[in-house]
Amino acid sequence: MPEAFSPAFRADLARLMRWRRDVRRFRTDPVPEAALARGLEAFAMAPSVGLSEPWRLVQVESAAARAAALCNFEAANAQALTGYNGERAQLYATLKLSGMRDAPVQWAVFCDDGTAQGAGLGAGTMPEMRAYSVVSAITALWLALRADGIGLGWVSILDPARLCSDLKVPDSWRLVGYLCIGWPAEDTPTPELERLGWETRRGRPELETR
């Protein structure tokens, strides 16, 4: 049985998770390749249903691909704004919800629902487990990057079908996350949405007994 980690390590881990914030404000200086490699190594260590490793990554680097992704976000964001009214709409309009203009590294992460790896184990009854596996890998990447002082922002205000088409990925690939990666322009352990009053964090969840 593996030994428990030290109190100092557990304290550092808790601090790391507190500082793992969704970053939308980036500096434009490059991210060291060694740090990205460490992040990908952490990504690869994530659990996956049936050992299917359904994650697929695309580095969005060309000017054309980035422009298409940014245009996608701007259209989706404008549409999302129409779903709010009054003060909520006014606040939404002020929120910075993407770092796509400045983040030096941008990755689109997909789930390959058509993968033969894993032979369908665990995904027959809950096929969504493949996407959950990708989410767990992104979380591992997020923490590894944060340990190096690097920020990650997860953009979800997008038209997934349009992005898949623009990036010309296979039909079996489903968008899970568009990630902006770079050095944070500011550091704070408090989420921006919480600071600006969009929502209040609940804190530790209660367990219900059945």
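This is a predicted model: local features need pLDDT of at least 70, side-chain atom pairs count only at pLDDT 80 or more; totals for chains, interfaces and linings use all residues.
Okay, let's start with the empty space. Rolling a probe the size of a water molecule over the atoms shows where empty space is left. In this model, the largest pocket holds about 350 Å³. It's lined by 20 residues, and the ones closest to its centre are R21, T190, P191, E192 and L193. Which helix gives the largest share of that lining? That would be helix 7, residues 192–195, with four residues. If you sort the lining by class, you get twelve charged residues, five nonpolar and three polar.

Next up, R130. You'll find R130 in helix 5, which runs over residues 129–147. Is R130 buried or exposed? R130 is buried, and yet it has no salt bridge. The nearest side chain of opposite charge belongs to D113, and that's 4.6 Å away, while the cut-off for a salt bridge is 4 Å. So who does R130 touch, once we skip neighbours within four places in sequence? Its contacts are V49, P54, C111, D112, D113, T115, G120 and A123.

Last one: D102. This residue sits in the loop between helix 4 (86–94) and strand 2 (105–112). Now look across to T28: D102 and T28 are 74 residues apart in sequence, but C-alpha to C-alpha they're 5.6 Å apart in space. Leaving out residues up to four places away in sequence, D102 touches F26, R27 and T28.

Methods
Residues are numbered from 1 along each chain as its sequence is written. Side-chain values use heavy atoms; hydrogens and water are left out. Helices (H or I, at least four residues) and strands (E, at least two) are DSSP runs, numbered from the N terminus. Buried means under 20% relative accessible area, exposed over 50%, partly exposed in between (1.4 Å probe, protein chains only). Lys and Arg count as positive and Asp and Glu as negative; His and the chain ends are not counted. Contact means heavy atoms within 4.5 Å. On a 1 Å grid over the protein atoms alone, a cavity is a set of points where a 1.4 Å probe fits but cannot get out, and a pocket is an open set with protein on both sides within 12 Å along at least five of seven lines; lining residues have an atom within 4 Å of a point. Grid points are joined across faces, edges and corners, and a volume is the space filled by probe spheres set on the points. Ala, Val, Leu, Ile, Met, Phe, Trp, Tyr, Cys and Pro count as nonpolar, Asp, Glu, Lys and Arg as charged, and the others, Gly among them, as polar.
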